[in-house]
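This report goes through one protein model, from its overall layout to single contacts. Please keep the sequence and the structure in view while reading.

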Amino acid sequence: MNSFWSKTDIVESYGCKQLKQFERRVPKEVLEKIGWKKGNQFFTPNQLRILFEAIGKPLEKAEIR
């Protein structure tokens, strides 16, 4: 986890088909803590760590399919 992730990367890694679906699953406090905003956005490894600690690690690609 040494790279930046886009919103699309995050949403797809949790097996969600849509952004809104992901946003409903994650507590608002967590989204606020990582600075989740409208529009295109990239997240640092530190922000990703906060997200992973709050809701768990994302699914492996094999689990998504």
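A residue counts as buried when its relative accessible area is under 20%, as exposed when that area is over 50%, and as partly exposed in between. Arg49, with a relative accessible area of 38%, is therefore partly exposed. The model is a predicted one.

**Overall layout**

The protein has five helices and two strands. Along the sequence these elements follow the pattern β-α-α-α-β-α-α. Of its 65 residues, 32% count as buried. The protein exposes about 5000 Å², and carbon and sulfur atoms supply 50% of that area. Among contacts with a separation of 6 or more, 67% are made by residues 24 or more positions apart.

Helix α4 covers residues 45–55, and its residues Leu48, Ile50, Leu51 and Phe52 are buried. What do the buried residues of α4 pack against? Their partners are the strands β1 (5–6) and β2 (42–43), together with the helices α1 (7–13), α2 (19–25) and α3 (28–33). After α4 comes Gly56, which has a positive phi, near 95°.

In soluble globular proteins, nonpolar side chains tend to be buried together. The largest nonpolar core of this protein has 15 residues, and those with the most contacts inside it are Ile10, Phe22, Trp36 and Leu51. Helices α1, α3 and α4 each supply at least two residues of this core. The helix that gives the most to this core is α4, with four residues.

Neighbours within four places in sequence are left aside here; beyond them, Trp36 is in contact with Lys7, Ile10, Val11, Leu19, Phe22, Glu23, Leu31, Gln41 and Phe43.

**Val26, a loop residue**

Val26 lies in the loop between α2 and α3. Is Val26 buried or exposed? Its relative accessibility is 4%, so Val26 counts as buried. Apart from neighbours within four places in sequence, Val26 is in contact with Leu31, Leu51 and Ile55. Val26 and Ile55 are 29 residues apart along the chain, and their C-alpha atoms are separated by 7.1 Å.

**Salt bridges**

Side chains of opposite charge can pair when their charged atoms come close. How many salt bridges does the count give? The count comes to two salt bridges, and the table sets them out.

| Salt bridge | N to O distance | Helix and spacing |
|---|---|---|
| Glu23 and Lys20 | 3.6 Å | α2, three residues apart |
| Glu53 and Arg49 | 3.3 Å | α4, four residues apart |

An α-helix has 3.6 residues a turn, so residues three or four places apart point the same way. Glu23 and Lys20 are separated by about one helical turn because they are three residues apart in α2.

Glu53 counts as exposed, at 58% relative accessibility.

How values were computed
Residues numbered from 1 in each chain as written. Predicted model: local features only at pLDDT ≥ 70, side-chain atom pairs only at ≥ 80, totals over all residues. Heavy atoms only, no water. Buried < 20%, exposed > 50% of the residue type's maximum accessible area, 1.4 Å probe, protein only. Contact = heavy atoms within 4.5 Å. Areas by Shrake-Rupley, 256 points an atom, 1.4 Å probe, with all protein chains shown as cover. Salt bridge = Lys/Arg side-chain N within 4 Å of Asp/Glu carboxyl O. Core = buried A, V, L, I, M, F, W, Y, C linked by side-chain atoms within 4.5 Å.
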